[in-house]
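Hello,

Here is the structure I promised to pass on. Please open it alongside this note.

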2 protein chains.
Amino acid sequence: MSPVVLDRSSGVPLYRQLRASLEQDILAGRLGAESRLPSSRELAASLGISRNTVVTAYQELIAEGYVTPLARSGLAVNAELRQVLPPAENRFDWDARLAPILDADLPISHRPRDWQRYRYPFLSGQPSSDLFPQRAWQRALRAALEGDSFWPSLSDLGDADDPLLVEALCRHILPARGIDADPSQVLVTLGSQQGHALVAGELLGPGRRLAVEVPGYPDLWHIAVRTGASLMAIPVDGGGMVPGPELLSCDAVAVTPSHQYPTNVTLTVGRRRQLLDASPDLVIVEDDYDAEFRYAGSPTPALKALDRRGQVVYLGSFSKFLAPGLRLGFLVADARLVAALRERRRFQVRHAPGQQQRALALLITSGDYARALRRARTILRDRWRRTVAAVETHLGWGPAFGDTFPAGGTALWVVGPPELNSRALAAAARGRGVLIEPSDTYHLGAERQRNAIRLGFASVPTDLIEPGLAALAAAWSVRRDGHGSSRSGRSVLSEPARQGSRHRDGKSRPQVAR
Amino acid sequence: MSPVVLDRSSGVPLYRQLRASLEQDILAGRLGAESRLPSSRELAASLGISRNTVVTAYQELIAEGYVTPLARSGLAVNAELRQVLPPAENRFDWDARLAPILDADLPISHRPRDWQRYRYPFLSGQPSSDLFPQRAWQRALRAALEGDSFWPSLSDLGDADDPLLVEALCRHILPARGIDADPSQVLVTLGSQQGHALVAGELLGPGRRLAVEVPGYPDLWHIAVRTGASLMAIPVDGGGMVPGPELLSCDAVAVTPSHQYPTNVTLTVGRRRQLLDASPDLVIVEDDYDAEFRYAGSPTPALKALDRRGQVVYLGSFSKFLAPGLRLGFLVADARLVAALRERRRFQVRHAPGQQQRALALLITSGDYARALRRARTILRDRWRRTVAAVETHLGWGPAFGDTFPAGGTALWVVGPPELNSRALAAAARGRGVLIEPSDTYHLGAERQRNAIRLGFASVPTDLIEPGLAALAAAWSVRRDGHGSSRSGRSVLSEPARQGSRHRDGKSRPQVAR
């Protein structure tokens with residue numbers, strides 16, 4: 001038995017300290033099963049504490065089964081503990097137990113965790129300090145715990161959602177997208193990513209195939225491949241996804257009609273009809289990415305608005321406007337599918353946090369949401385214009401398709417000269433406080449486009465857009481002219497990368513410094 | 001072409017109204033591909049609006065691809081839209097597409113959504129109006145958007161968690177359970193249910209087997225069976241789960257050592273060792289259910305505290321104390337497993353909402369959490385005593401094992417006489433404002449115990465416990481004596497139920513009114 005050290009100043013009752021010490025001795029095998037414990041009188045005397053303290057500690061050890069009273073008197077260590085603890089053995093072999101990794105070959109975006117410390121974070125999908133309606137959101141969160149809202153905010157809702165939020169979506173959010181839905185067709189999600197994951201879990205799996213846009217959204221590819229499904233890459237042009245006969249071999253197609261992710265083009269109305277008519281068995285997953293932000297003309301109605309057969313699953317999100325960290329989105333689909341996804345969600349996370357659901361409902365019904373959105377749209381339109389102008393001024397690069405950048409969204413997809421290695425440029429720009437996303441992340445397979453970048457403009461304050469792009473241009477000019485040629489032959493433009501070295505048109509082009 | 005109705009008082013610009021009207025005509029096939037659109041001059045004159053308005057609407061329709069300029073002049077509907085819309089066809093056949101339901105035979109708990117409107121809601125797992133630290137939580141939520149906390153609260157964290165919360169768990173929460181963990185071994189979840197779901201997704205699947213306690217937690221059974229795994233029922237006695245050689249045929253075992261769910265007994269220390277030593281390949285999932293609430297003696301250390309090989313996955317939750325609607329919990333395991341689960345979570349929900357994570361971190365580090373917990377423990381100890389006393393006074397029923405109810409948790413498991421049909425009693429009690437949970441919900445297979453009830457006492461105000469149990473006893477006495485015998489032969493005690501009619505000991509007992 002090891003010496004018992006009691007600390008009278010610790011605030012922990014002495015009997016608990018004693019009990020903990022004895023427990024450790026027992027578990028470590030220092031108090032063997034053969035040995036009687038000292039009597040409470042003896043131990044109290046030797047430690048200089050009251051006998052009651054020892055008795056209380058002993059009673060707890062008895063109650064927990066660590067020790068057992070002996071037939072006549074005294075205590076002994078529980079016979080069940082008699083087995084000596086095994087010597088330090090090998091750690092449990094977790095590697096042998098983990099599920100196989102099915103998506104190891106897919107690109108994945110790892111953004112710096114401290115992105116907001118950079119002066120020019122041209123990233124999409126992050127919040128903006130001046131667009132988030134902070135006071136209105138805090139007001140809504142506070143109101144969400146008051147009066148009748150207390151219970152729905154804090155209760156276990158089982159498989160349900162906050163009915164007030166579902167009603168707000170049906171009345172205030174979906175009509176603006178041309179969608180007429182009733183509550184049985186709506187499911188609240190933790191962002192459109194959970195929507196994709198629930199749908200993939202329910203409808204995909206081994207032997208199933210999902211058609212996806214390329215360039216496109218890599219997280220969706222991971223989600224699908226992790227179910228065991230395969231992907232069919234569908235190209236994108238200035239009119240959005242180019243549907244073709246390959247869709248007939250697919251179980252579902254995922255599409256971003258409002259603003260194609262990442263190129264920002266809008267799916268033409270003709271293509272919308274082609275998708276809807278492609279096959280009577282094709283599930284269409286519509287990710288209504290960045291639909292809120294359109295800077296010229298009216299918003300295009302959602303594909304779901306044209307869905308007469310109930311084959312479209314619509315995914316909406318509050319990640320872009322309001323903030324991704326809130327993890328709030330929703331899904332609209334046939335009531336039969338929604339019921340299945342609701343059950344699935346119940347056994348994953350039950351539901352999105354109640355207080356946040358209620359706060360969002362209050363934000364929408366108070367009109368604060370619409371006000372903040374209008375304000376954000378005005379500010380983002382200005383940022384879009386400045387970004388377009390500064391790209392022209394400082395880089396002279398253009399859009400992927402046609403002559404003008406699509407007037408919407410929260411990011412530009414900018415194509416540079418063929419020799420641009422956007423991953424190398426991103427690394428160089430980072431040293432100048434500029435974060436951009438290289439194009440290869442958005443490509444599937446070995447042939448990944450390298451000469452484009454994605455420039456998110458929502459998180460960069462308006463006045464920093466022009467200097468930010470000047471800094472990016474400086475990084476580019478050093479890489480192209482100075483740095484690159486100074487190392488002659490081992491150009492930064494062709495530095496080794498995990499990505500393939502071919503261009504999108506499939507032709508291999510040598511990467512040389514100019 | 002249908003008549004264009006423009007509403008000048010609607011606030012919607014006239015060109016948008018015009019565009020919407022034309023768009024609908026085109027999509028509905030009322031403006032065929034052969035027909036030219038009227039010239040902007042003609043249409044402006046016929047509608048009494050400016051020509052500019054019409055031109056703007058037309059330009060949008062061109063940009064969106066609804067109409068195309070004709071070779072010489074004028075506009076026609078896009079040829080791609082030429083195909084006539086299909087007639088109202090059958091709805092998409094979702095039933096043929098949904099995943100098979102693997103868990104249809106398992107019991108499931110459906111609590112009334114409006115449970116808080118009942119006067120005596122003896123349910124566990126719901127919040128309490130007087131235990132939730134409302135002001136401290138609101139303060140923490142507000143602080144979570146201020147200063148340095150703004151970005152972690154609102155950003156997309158990718159696969160990460162709020163580092164401040166993880167640190168608070170490692171420093172303030174886990175040591176009290178005897179667990180020494182570093183951040184790489186901790187994952188924040190949306191409640192322990194998400195912990196179970198992530199672990200099951202990673203480690204179970206077809207051909208795998210999970211050992212579970214019976215009576216036990218039905219949602220866990222659903223989660224496991226939905227992966228394709230099978231269940232092995234392990235009995236429970238006064239010392240908790242009774243581990244036996246059947247564990248050797250299992251890949252993992254799920255156990256609730258602190259307070260067995262639903263009977264509330266504590267796993268003895270000898271059984272803890274038996275579990276840890278049962279097999280070198282056995283994964284142990286420890287759901288540390290209601291560990292915070294112990295009303296006599298010291299808390300037992302977690303099983304994870306004895307885990308020298310890294311085989312234990314520990315699940316903690318803030319659902320019981322603080323509130324289930326927050327959806328916050330955590331998981332502690334070997335860093336290798338945590339990394340895999342983190343990746344899995346990323347592709348399901350990314351992460352728990354950032355502001356809530358940060359608010360919980362601030363609640364813990366400010367000491368408000370510990371203060372609220374101490375207060376809750378005092379109040380709940382009182383409620384536990386009153387519930388035990390009132391059960392004795394009004395029903396005279398007792399615990400499942402031994403003579404006294406385990407002094408902890410937030411609910412009592414109360415066993416009635418053999419003829420008790422707890423589901424019928426629950427229905428009768430509901431009419432008197434009393435909600436209880438019948439025992440069959442917690443049983444697997446055809447032979448489900450019917451003569452016990454679960455009495456959650458956390459959500460019932462202290463002064464209402466005694467009258468609540470008096471009302472329950474009144475419902476029982478009517479069902480047993482009055483109602484039952486008045487219908488003679490077709491007793492309420494044997495009313496048809498979906499559950500099996502056998503008792504836990506396997507002997508079939510006729511259900512007769514007394």
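Below is what turned up, beginning with the interface.

First, a caution: this is a predicted model.

**Interface**

The area buried between the two chains is about 9900 Å². Carbon and sulfur atoms give 53% of that area. Three residues lead on the chain A side: Trp94(A), Arg97(A) and Phe347(A) supply 8% of what chain A buries against chain B, more than any other three residues.

Between chain A and chain B the count is 12 salt bridges. One pair to look at is Asp219(A) with Arg350(B), a salt bridge whose closest N and O atoms are 2.6 Å apart.

**Salt bridges overall**

Over all chains the count comes to 52 salt bridges. Among them is one between Arg171(A) and Glu167(A), with the closest N and O atoms 3.4 Å apart. Both residues lie in helix H6 (residues 163-173) of chain A. They are 4 residues apart, about one turn of the helix.

**The sheet in chain B**

Chain B has an open sheet of 8 strands with mixed pairing. The order is E4-E11-E10-E9-E8-E5-E6-E7. Which strands stand at the edges? They are E4 (186-189) and E7 (240-241) of chain B; each has a single partner strand, so one side of each is left without a neighbour in the sheet.

Strands E5 (residues 209-214) and E6 (residues 230-237) of chain B run parallel, joined by 6 bridges. Within this pair, Glu213(B) stands opposite Ile234(B). Helix H10 (residues 335-346) of chain B lies across E4, E10 and E11 of that chain, at about 30° to E4(B).

**Backbone points to check in chain A**

Most residues other than glycine have a negative phi, and most peptide bonds are trans.

- Val214(A) and Pro215(A) are joined by a cis peptide bond, omega about 0°. Pro215(A) is in the loop between strand E5 and helix H8 of chain A.
- Phe321(A) and Leu322(A) are also joined by a cis peptide bond, omega about -5°. Leu322(A) lies in the loop between strands E10 and E11 of chain A.
- Asp290(A) has a positive phi, near 55°. Asp290(A) is in the loop between strands E9 and E10 of chain A.

Best wishes

Methods: Residues numbered from 1 in each chain as written. Chains lettered and ligands numbered in written order. Predicted model: local features only at pLDDT ≥ 70, side-chain atom pairs only at ≥ 80, totals over all residues. Heavy atoms only, no water. Pairing = 2+ DSSP bridges. Helix = DSSP H or I, 4+ residues; strand = E, 2+ residues; numbered from the N terminus. Contact = heavy atoms within 4.5 Å. Axes fitted to C-alpha atoms, helices over the stretch in contact; angles between N-to-C directions. Buried area = accessible area lost by both parts, 1.4 Å probe. Salt bridge = Lys/Arg side-chain N within 4 Å of Asp/Glu carboxyl O.
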